[in-house]
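Work through each task before turning to its solution.

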There are 2 protein chains.
Amino acid sequence: MRLDVQLLPQPGASDVAVVIDVLRMTTTASLLLDRGLDRLFVVAEVDDARVLAKAEGALLLGERENRPLPGFDGGNSPLEYLNRELAGKTAVLSTSNGSRAVGLAADAEHLLLGAIVNAAAVAKRALGLAHRKITLVCAGTAGLPSLDDAVAAACIARELSALEPSLAPSDSAKLCLRALQASPDLFESLRTSAHGRALEGDGYGEDLRFAAKLNLLTAVPKRLGPALFGRA
Amino acid sequence: MRLDVQLLPQPGASDVAVVIDVLRMTTTASLLLDRGLDRLFVVAEVDDARVLAKAEGALLLGERENRPLPGFDGGNSPLEYLNRELAGKTAVLSTSNGSRAVGLAADAEHLLLGAIVNAAAVAKRALGLAHRKITLVCAGTAGLPSLDDAVAAACIARELSALEPSLAPSDSAKLCLRALQASPDLFESLRTSAHGRALEGDGYGEDLRFAAKLNLLTAVPKRLGPALFGRA
């Protein structure tokens, strides 16, 4: 079985793709499902999100340039949802980089959302679904590779390798694993990334601390239909 | 001053771009100039290379799928040129990944070729030319990021940071630097890369040992005209 890391999303088929936008979409999505959310739509365009949320009677969540959007029920900070009871509910989440990555990974047979907070659970689920190849798809930031997503990919890759020692990592997977080995402090890595610094500057420093909590959650968002995710 | 690493070549402007195809084009190009070669044309297409070499009375060098081409004066192995006297001569070099990367980086104001063997000399030269941004452009292998080029980029990035501590590395530059920190054995890194393993399988294992010799050479290929390089 092969393991690849895309440092930016690229079209292409795979048994299992795991989309990673650790700051903050896939971290927040994992928490939403952990809090009991039933169905999560991930939508790139804000206008599409508004229409869909209305049609589904869903919570409307998301951000642009790190901030909540006017008229929305919530932003993209996981801390907003930490103590919220969401059992049986539906939400529509619109973010910039992560939603785009989900679209580009659409050809995968199975599509999961991964983060540091659910790395081990994602690894276990991905191995259960894969036959030939697992691709970890980093969303990146504004079209550039991001250290935060690369480190999150390395956390999942490390769990995968522990569960399946015969897994053959690609060069880019090795690059991420080596970078994690050199700097195992996940919070420090997120703070060092360009996106992490921007979030801290916008007052979301505590989001980084949450996003760095390795294996805090067991919920794994899995694609159920086009743009629709539920618990794997 | 900013420092970026492109793990795959992307179009875009920069003060100084350093193209890196450490296995083996930019390693061989550096050695050719070190051996006294006067002018080096880097050409993607084999047919173009043949025509140009004839017109210029130049040595015709290159490879496809790691092997020398029929009718050529030499391949892409640096070891072929280690004891060759090339003073005053011209060569045309055609390789797959490296020549393509040179084309994609063409918009840079200054274009250098970098490798592990000339990392310190490249760093010094790049800093002398740059005003705002240095971009290290990894050629990659067959359209995928390669560990060998990423590690070579990290060697140059490390020299740059030592010379200019105020240099601000991008996320991808940090990723490469961290990977180098975790695995400082350059020969091992080249052997671990997909391209390195393929070269070893084809009987070019000694090329990896040569390509891993940090700061062996001081020659830095610099673009003098379209597709034409000479000593910086």
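A disulfide is a pair of cysteine sulfur atoms within 2.5 Å. The model is predicted, so that local features need pLDDT of at least 70 and side-chain atom pairs count only at pLDDT 80 or more, while totals for chains, interfaces and linings use all residues. Residues are numbered from 1 along each chain as its sequence is written, chains are lettered from A and ligands numbered from 1 in the order in which they are written, and side-chain values use heavy atoms, with hydrogens and water left out.

**Exercise 1. Cysteines**

Task: Determine how many disulfides a search of the whole structure finds, and explain the result for B:Cys138 and B:Cys155.

Solution. 
Step 1. Over all chains, the search finds 0 disulfides.
Step 2. For B:Cys138, the closest cysteine sulfur belongs to B:Cys176; the separation is 5.8 Å, and therefore too far for a bond.
Step 3. For B:Cys155, the closest cysteine sulfur is again in B:Cys176, at 10 Å, which is too far for a bond.
Step 4. Consider the surroundings, where buried means under 20% relative accessible area, exposed over 50%, and partly exposed in between (1.4 Å probe, protein chains only). B:Cys138 is buried at 1%, and B:Cys155 is buried at 0%.

**Exercise 2. The interface of the two chains**

Task: Describe the interface between chain A and chain B by its contacts, its buried area and its polar pairs.

Solution. 
Step 1. Contact means heavy atoms within 4.5 Å. In these terms, 24 residues of chain A meet 24 residues of chain B.
Step 2. Buried area is the accessible area (1.4 Å probe) that two parts lose on being put together, summed over both. Here the value is about 1,900 Å², with 57% coming from carbon and sulfur atoms. On the side of chain A, the residues that lose the most area to chain B are A:Asp171, A:Leu175 and A:Arg178, together 37% of what that side buries.
Step 3. A salt bridge is a side-chain nitrogen of Lys or Arg within 4 Å of a carboxyl oxygen of Asp or Glu. The two chains share 2 salt bridges. One joins the side chains of A:Arg178 and B:Glu188, at 3.1 Å from N to O.
Step 4. A polar contact is a pair of N or O atoms within 3.5 Å; within protein, one must be able to donate a hydrogen and the other to accept it, and residues adjacent in sequence count only if both atoms are side-chain atoms. The rule finds 11 residue pairs in polar contact across the interface, both residues at pLDDT 80 or more.
Step 5. Helices (H or I, at least four residues) and strands (E, at least two) are DSSP runs, numbered from the N terminus. On the side of chain A that touches chain B, at least two residues each come from helix 5 (147-163), helix 6 (171-182), helix 7 (186-192) and helix 8 (194-201) of chain A. Helix 6 of chain A gives the most, with 9 residues.

**Exercise 3. Backbone angles in loops**

Task: Locate A:Arg24 and A:Asn66, and state what is noted about the backbone there.

Solution. 
Step 1. A:Arg24 is in the loop between strand 2 (16-20) and helix 1 (25-34) of chain A.
Step 2. In chain B, the peptide bond from B:Leu23 to B:Arg24 is cis, with omega near 5 degrees.
Step 3. A:Asn66 is in the loop between strand 4 (59-64) and strand 5 (67-68) of chain A. Its phi is near 75 degrees, a positive value in a residue other than glycine. A:Asn66 counts as buried, at 11% relative accessibility.
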